[in-house]
Amino acid sequence: MQRTVFDEDHESFRATLRAFLEAEVLPHYEEWYQAGVVPRSLYGQMADLGLFGISVPEEYGGAGVDSHKFTAIQYEETARVGVTLGGSGVHVLLALPYLKMLATEEQKKRYLPNFVTGEEMWALAMTEPGTGSDVAGMRTSAKLDGDHYVLNGAKTFITGGVLADRVIVACRTSPATENDRRFGLSLLAVDTHSPGFSVGRKLDKLGLRTQDTAELVFEDVRVPVEDLLGEENQGFSYLGRNLPSERWGIAHGAYAQAKAAIRFAQQYVEQRTVFGKTVASFQNTKFELAACKAEVDAAEAVVDRALEALDRGDLTPADAASAKVFCTEVAHRVIDRCLQLHGGYGYMNEYPIARLYADNRVNRIYGGTTEIMKTIIAKDMGL
Ligand SMILES: Cc1cc2nc3c(=O)[nH]c(=O)nc-3n(C[C@H](O)[C@H](O)[C@H](O)COP(=O)(O)OP(=O)(O)OC[C@H]3O[C@@H](n4cnc5c(N)ncnc54)[C@H](O)[C@@H]3O)c2cc1C
């Protein structure tokens, strides 16, 4: 189906990005994959290409384009060649909306220029060892002491946590009230070079191996009050406002991975010979790939519509949850079927389909699990 979301500027950006991935990423990717982290210099290269500043206002060094379409293209192009670019997705898709929405003029002047150049990489820390889905249950606390908050606690599963220079930490600044357990959370932009901040284990994951996902520990970290984002105790509502864009991002990424899986499978079955003919020549193969294509076309319609709604500012939490459930389930089915067409080679990590299979699994878990998405949709239905 003809897509209508992208114009000539987007397609020219796609061509530039594709050339960058081929020249600067693919030749080194195996090394980064084995190391379990991308080199810091990659972020500098991505910044030079303008990837971190696209939607940052011009006065802070960005291009001032208020759209997620370039991010969408980034998902599509990285999936197309089976790579992930460390924690850069978190920097742009997760952290930046908080800075644009909540930072004061003084904070924007301090944070955004270094954000755009990649000199300061950002991460977002909500999840704790004891609580993930139940955000209001978090225990990390920040107590005001003069002109600093004193931060104590621990976070886990934090993408980009090893290389981050600043982390937006969700923490409890006041006890919950009897009627509202969501009250009392705040967001602090914590400098990771502060005394008392440490990175715990870099976690050994099933997939997404170039993403540094880590535990973070805070022991009496003194955070200046100037690094409070938005109003004290209102953190839960800020998190709620930004989660739809994060969930659209996961939906779009999953769609892109499913589309890439078909491409990898088609290439494979056209050259693999069994019983004297190509795997592509079996009717089962044609039917499998055709069925996958139909599912991915439907997912494309969903993500494109969600993308336009997000850019207009009216993607609702329930719509974002629906898009995430649908597209991540499609990707799960499609990637599994495409792996099957590879036979045993599909199980080998040297084949991109195997890595996609592992990378994709987390899409139904992070950013809110499928079960939590269903509770949001059901609530919106009045159930
Ligand atoms: C690779 C990776 C990267 C991540 N990156 C980040 C990051 O950068 N920043 C960050 O803050 N977090 C991050 N996370 C955390 C992620 O968002 C959480 O893992 C996720 O929200 C689920 O929380 P949990 O792991 O504590 O699971 P739990 O909340 O313990 O859930 C366990 C199970 O119970 C189910 N469940 C929970 N509540 C309900 C309910 N009400 N009804 C029905 N079923 C329910 C869940 O669906 C799940 O199946 C990351 C996770 C992974 C795996």
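Student: Which side chains does the 2.5 Å polar contact join?
Tutor: The side chains of Thr173 and Ser186. Keep in mind that this is a predicted model.

Student: Where is Thr173 placed?
Tutor: In the loop between β4 (166-172) and β5 (185-191).

Student: Is Thr173 buried or exposed, and why?
Tutor: Buried, because its relative accessible area is 18% and the cut-off for buried is under 20%.

Student: What is Thr173 in contact with, leaving aside neighbours within four places in sequence?
Tutor: Ala142, Tyr149, Gly184, Leu185, Ser186, Glu232 and Asn233.

Student: Switching to the ligand. Which residues come nearest?
Tutor: Thr127, Ser133, Phe157, Thr369 and Glu371, of 17 residues around the ligand.

Student: What about polar atoms? Which side chain has an N or O atom 2.7 Å from a nitrogen atom of the ligand?
Tutor: That of Thr127. A backbone N or O atom of Leu124 also lies 2.9 Å from a ligand nitrogen. On the oxygen side, an N or O atom in the Glu371 side chain is 2.6 Å from a ligand oxygen.

Student: How much of the ligand does the protein bury?
Tutor: 64% of the 990 Å² that the ligand exposes when taken alone.

Student: Which elements give two or more residues to the shell?
Tutor: β1 (122-125), β3 (148-159) and α10 (370-380). β3 gives the most, with three residues.

Student: And how do the shell residues divide?
Tutor: Nine are nonpolar, six polar and two charged.

Conventions: Residues are numbered from 1 along each chain as its sequence is written. This is a predicted model: local features need pLDDT of at least 70, side-chain atom pairs count only at pLDDT 80 or more; totals for chains, interfaces and linings use all residues. Side-chain values use heavy atoms; hydrogens and water are left out. Helices (H or I, at least four residues) and strands (E, at least two) are DSSP runs, numbered from the N terminus. Buried means under 20% relative accessible area, exposed over 50%, partly exposed in between (1.4 Å probe, protein chains only). A polar contact is a pair of N or O atoms within 3.5 Å; within protein, one must be able to donate a hydrogen and the other to accept it, and residues adjacent in sequence count only if both atoms are side-chain atoms. Contact means heavy atoms within 4.5 Å. A residue is near a molecule or strand if one of its heavy atoms lies within 4 Å of it. Accessible areas come from the Shrake-Rupley method with a 1.4 Å probe; for residues, only the protein chains shown count as cover. Ala, Val, Leu, Ile, Met, Phe, Trp, Tyr, Cys and Pro count as nonpolar, Asp, Glu, Lys and Arg as charged, and the others, Gly among them, as polar.
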